[in-house]
Amino acid sequence: MSISSGSSVGGDDGDLLIEEGEDLDFYAVLNLPKDATDEEITKAYRRRCLVFHPDRHVDEDDKKTAERVFVQIRRAHEVLSDPKKRAIYDALGVQGIDAQGWELVSRSSNPENIKKEYEFLQRLRENEIMLTRTHPTSSFMLKTSLAGLFVKNKEERYMPQFVGLALTQGVDCSLTGKDRVGLTGRVKTGNGRGDGSAALTWKRGVGQFNMENMISISGESIAAQCRLARSVFQRAAIIVQPSLQYMYLQGVCMPTLQLIYSMRLRLRWQGSIILALTPVQSAITTTIVHTENNQPKAIANFTLAPANPNVRLVYISRDASLDSFTEMACTFSMFGLSPSIQMERRLSRYSRFGVGLSLTLPSCMLVAKFKVKSGHFLYDWHIVLCDDKDEVARSALYGVVLPVMAFQAFKAIFRPFWERLTAVFDDRTQEREVDMAKQEESQRVITLMRGTADRIRKDEESKQGVIILQARYGVSSPDSAANYPLAGDRSIDVVIPLQAMVNDSQLRIHSFNKSQLPGFYDPCPGDDKVLHVRYQFRGEMHAVTVADDMPLIIPVRSHRVASSP
């Protein structure tokens, strides 16, 4: 059977594409990485055609379902195999390759309204593209002191003081496929003195090397820095970072060389060694990071330096249900220790809120921190509660304990009001609604894939290859182990789609949006999802869990499950 683009469904393409065109991920449709070659695109297209070509199905319902999927497959192949269309799609998405784009606009009886709505969507899309390409960032930090309010002697108390502020803005945009440039500016003032700086960066990928060059200028110095990174082994990388700083007032040049070697020590453990060399003094730092679900769980830093040798320990606890984390850290040095705690959680879909508290001993500097992230913008407020060891107890009581108790009491007394207030920021009802049409469509697609999955399974059984025993896609179960999450109740069975994608005892899932793979759908919109797979290979049991934005490679030796004694 030919798998050319011509088929009996050619006349219905427009109607079949209207529903899916806006958010279709062509790479997910063909299960390809972003840097797939033309040969890989053709092979993936042919494999999909063997399952979804309408001519391979007799039942009318199956044929209609196959037609819908095949139109998406064929369109994905046409776009990705054409360099010009692929470049437009990578930059703009489906809207960029659509000549008219009328399917993006809700139906209206008035042509003028349709035109106005489409023009509005185009302007909105252009603004989103501009933000994506330039990647603007901004941060505002304000520092105040309330230490005078907590002094025991009333005659020595004084009003809150403004200590300083800092404003930083930057942009980072792509010039070519390999080059990016960025510009960052920062102004700050503190204790009546102002300062500022500007930095220009250029990032480029050169073969197996990643290079970053930066020139920064401030009121006191000008500095140039180069950062060159390269993977030297499968699990290791080395970074060379020379820099040169010239200080105007002193007329002194200060060269610096940083050497960084980082490697994966074992599963979920990463280590690095940093050697900093300067004419004045040198330092060596060893860092060990324990990860969990591809995120830091514990960090240990050991720094040896003539001026200030120190040890820093960090532990991070995460709560997936609230999209929050708590970070507890402590720094030990020859001059004392600095414990701190920071909590951050999701405030709304694009915003996060954080609070923190740090104490420096023996100086007894007690600082409270509040942080709000909204999109690419960050707002920080640092409040000095104490700067005298004789007042640390009163400052902790009146500046921390009593405000926290008052806040908890307010939440308990005015609970209905508080719930309505938080609902304003966390209203995710609409985005959490499961698309029932896509759910039904995925069930019909699975029916089409069942025959292929059964055939591949029998072939894999005969040669003791990859046999998918269990596969769930959705949110992780709250009862699962922290270091090995399992898919919970809000998940779907994807055994058949995965088994149908096994090729020569291998399975590669490249998509960073697995809900658009054939036979998949999003069972829990708005929540972080995982894909849990249990499979058999060479007669041994294997299991793996990956986050939604991580690729999946099967089989891997580290997935093997040790048999019980």
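Q: Which residues of helix 4 meet which residues of helix 10?
A: On the helix 4 side they are Asp62, Thr65, Ala66, Arg68 and Val69, and on the helix 10 side Glu441, Arg444, Val445, Thr447 and Leu448. Contact means heavy atoms within 4.5 Å. Helices (H or I, at least four residues) and strands (E, at least two) are DSSP runs, numbered from the N terminus.

Q: What kind of model is this, and how are residues numbered?
A: This is a predicted model, where local features need pLDDT of at least 70 and side-chain atom pairs count only at pLDDT 80 or more, while totals for chains, interfaces and linings use all residues. Residues are numbered from 1 along each chain as its sequence is written, and side-chain values use heavy atoms, with hydrogens and water left out.

Q: Back to helix 4 and helix 10. At what angle do the axes cross?
A: They cross at roughly 105° and come within 10 Å. Axes are lines fitted to C-alpha atoms, for helices over the stretch in contact, and angles run from 0 to 180 degrees between N-to-C directions. Helix 4 is therefore roughly perpendicular to helix 10. For such labels, angles under 35 degrees count as roughly parallel, over 145 as roughly antiparallel, 65 to 115 as roughly perpendicular and the rest as oblique.

Q: And helix 3 against helix 4, what is the crossing angle there?
A: Roughly 170°, with the axes coming within 10 Å. That makes helix 3 roughly antiparallel to helix 4. Helix 3 contributes Ile41, Thr42, Tyr45, Arg48, Cys49 and Phe52 to the contact, and helix 4 contributes Ala66, Val69, Phe70, Ile73, Arg74, His77 and Leu80.

Q: Which residues touch the most other members in the largest nonpolar core?
A: Phe26, Leu30, Leu32, Phe52 and Leu80, out of 29 residues. A nonpolar core is a set of buried Ala, Val, Leu, Ile, Met, Phe, Trp, Tyr and Cys residues joined through side-chain atoms within 4.5 Å. Buried means under 20% relative accessible area, exposed over 50%, partly exposed in between (1.4 Å probe, protein chains only).

Q: Which element gives the most to this core?
A: Helix 4, with seven residues. Apart from this core lies another, of 24 residues, with Val495, Tyr521, Tyr535 and Phe537 among them.

Q: Switching to aromatics. How many pairs are there?
A: Rings of Phe, Tyr and Trp (its six-membered ring) pair if their centres lie within 6.5 Å; planes under 30 degrees apart count as stacked, over 60 as edge-to-face and the rest as tilted. By this rule there are six aromatic pairs. In one of them, Phe410 and Phe417, the ring centres are 6.4 Å apart and the planes at 85°, so the pair is edge-to-face.

Q: What about Phe353, where does that lie?
A: Phe353 is in strand 15, residues 351–360. Its relative accessible area is 33%, partly exposed. The C-alpha atoms of Phe353 and Lys371 are separated by 5.7 Å, although the two are 18 residues apart along the chain.

Q: What does Phe353 contact beyond four places in sequence?
A: Met343, Glu344, Arg345, Leu347, Phe370, Lys371 and Val372.
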